[in-house]
Amino acid sequence: MEALTKSNATKISVVLPHYAFAALAFLALNVLLLFSTDAFGGHFFHPKLLTLTHVAALGWATMIIFGALYQLLPVILQVPLYSNKLAYFTFFLLAFGTVLIAFAFWHFQVHWPLHIAACALVTAFALFNLNVILTVRKVKQWTIETDFIATSGIWLFITGVIGLLMAINFQFPFLPEQHLHYLKLHAHIGMAGWFVLLIIGVGSKLLPMFLLSHHVSTKKLSASYYLINFGLLLFAADQLFFQTRFQLLYGALVGMGILLFGLFVLDAYRKRMRKNQDAGMKQSLVAVVMMTLPIVLMVAVSEIFPLPEKLRLHLYLVYGISVFMGFLSALILGQTFKTLPFIVWLNRYQDLAGKMPIPQPKDLYSEKLVQLQNFVYAIGFIILIIGTALFQRETILAGGSLMVLTALLYNLSIFKMVWLVFQKPPEIPQKTVAKTAEKVKN
């Protein structure tokens, strides 16, 4: 992160609203979960479950990814973001679309509220892609990380378009297959094409940076990129045109790509110079390990294995919980405290460096509070996933309550850092000012 300076940094007024909205969305997600336990024993295509899924995917994960990426692109690509104004507009569209789609699904109003929300979201995805593409055009040396980031945005837009078509199809049926057929395509492309590719692209740059790992080969990343995208393309073509029984093969290609990323992280971890890791980094490494659970569940729910339909539908729900409340949430909870403190520090303290004693980024939040947050999260998630798998409402409520506590602790840390930005910056001592003026004069 030291490679970032104010000369090419994105305005903090662009980045902070994304973190703040995502934190509140994470809290709302877990509160809504407590009021949705009655839906956990039925079909995953339930209004409350659709609400939870979209709040998690859009308001929590995608929102914070947008905000972090606006700040991290200058670090990863060594070029400034193309347009702050475009980023502002994208934020408002994404926020509006997320709130409206949550309202539409919770009340199952699948006419104009859902159509407007879907249009706002697709427009936000299109503008995000435009901003990213015009940013990466300025890159002098194209890297595999750039491939991952640019391609993930394209898959996000495709996911949004499929969602928009499905929203219209609710009221004006025109698609040739059943709605659930396209829901499967929508979900898998969004998960593997958007989240996984983006996380690999950013993580492959940041994890070695935070671990102080040098000379880590990117050959595994290149193979990972082609395996995941090839598997996704085959899966999408099959779902749309052929509908064969080779889904497990396509899933295996994607899984192999994810495994190669895990091996890349393992290489970086073995070559690390920084042996002691803070709470944020430990949580991020745990999240990488947690990727295995969704992969195993994805294989389990594939139609290759003869399972009772009721059991298969229930495993889909467990799969969704393992993705959004498990892998993605664990990674975000960890990486937030590797990115946001530096963003705040850059805005508030960089100009004072060397002129007076100032805190370091790690001093802007409580390490003990984050450790407590991570501990509560781990226990809550384990209880929640067990309760979901066994469909025990009391267990689900217990796990969900701990997840609400996790969200409250997370919000406390986030808004403590956000509040620092609005405080009057510390004044440079007059002696330092006089010395600086004397040096300039001489």
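This is a predicted model: local features need pLDDT of at least 70, side-chain atom pairs count only at pLDDT 80 or more; totals for chains, interfaces and linings use all residues.
Reader: Why is F327 called buried?

Author: The word buried is used for a relative accessible area under 20%; F327 has a relative accessible area of 4%, so it counts as buried.

Reader: Which residues is F327 in contact with, once its neighbours within four places in sequence are left aside?

Author: With those neighbours left aside, the contacts of F327 are I199, A287, M290, M291, P294 and S322. Since contact stands for heavy atoms within 4.5 Å, each of these residues has heavy atoms within that distance of F327. For L293 there is a separate distance, namely 8.4 Å from C-alpha to C-alpha, although F327 and L293 are 34 residues apart in sequence.

Reader: What makes helix α11 stand out in the largest nonpolar core?

Author: That core has 150 residues, and the ones that touch the most other members are W60, F195, L328 and Y410. Helix α11, which covers residues 309–348, gives the most to this core, with 21 residues.

Reader: How do you know whether G190 is buried or exposed?

Author: One compares its relative accessible area, 11%, with the limit for buried, which is under 20%, and therefore G190 is buried. Leaving aside neighbours within four places in sequence, G190 is in contact with T159 and F195.

Reader: Why are F103 and I295 called partly exposed?

Author: Partly exposed covers the range between the 20% limit for buried and the 50% limit for exposed. F103, in helix α3, has a relative accessibility of 38%, so it belongs in that range. I295, in helix α10 (residues 292–301), has 23%, and so I295 is partly exposed as well. As for distances, the C-alpha atoms of F103 and L180 are separated by 21 Å, the two residues being 77 apart along the chain, while those of I295 and N30, 265 residues apart along the chain, are separated by 24 Å.

Reader: What makes the phi of F108 worth a remark?

Author: Most residues other than glycine have a negative phi. F108 is not a glycine, and yet its phi is positive, at about 50°. F108 is found in the loop between α3 (84–106) and α4 (112–136), and with a relative accessible area of 35% it is partly exposed.

Reader: Where is F391, and what is its phi?

Author: F391 is in the loop between α12 (367–390) and α13 (393–421). Its phi is near 50°, which is a positive value in a residue other than glycine. At 34% relative accessible area, F391 falls between the limits of 20% and 50%, and so F391 is partly exposed.

Reader: Turning to the whole chain, which kinds of secondary structure does it hold?

Author: The protein chain has 14 helices and zero strands.

Reader: How do you know that the protein chain is as compact as a globular protein of its length?

Author: Its radius of gyration is 22 Å, and the globule rule gives 22 Å for 442 residues, so the chain is as compact as a globular protein of that length. The C-alpha atoms fill a box of roughly 80 × 45 × 45 Å along the principal axes.

Reader: How much of the chain is buried, and how many of its contacts link residues 24 or more positions apart?

Author: Buried residues make up 57% of the 442 residues. Among contacts with a separation of 6 or more, residues 24 or more positions apart account for 81%.

How values were computed:
Residues are numbered from 1 along each chain as its sequence is written. Side-chain values use heavy atoms; hydrogens and water are left out. Helices (H or I, at least four residues) and strands (E, at least two) are DSSP runs, numbered from the N terminus. The radius of gyration is taken over C-alpha atoms; the globule rule is 2.2 Å times the number of residues to the power 0.38. Buried means under 20% relative accessible area, exposed over 50%, partly exposed in between (1.4 Å probe, protein chains only). A nonpolar core is a set of buried Ala, Val, Leu, Ile, Met, Phe, Trp, Tyr and Cys residues joined through side-chain atoms within 4.5 Å.
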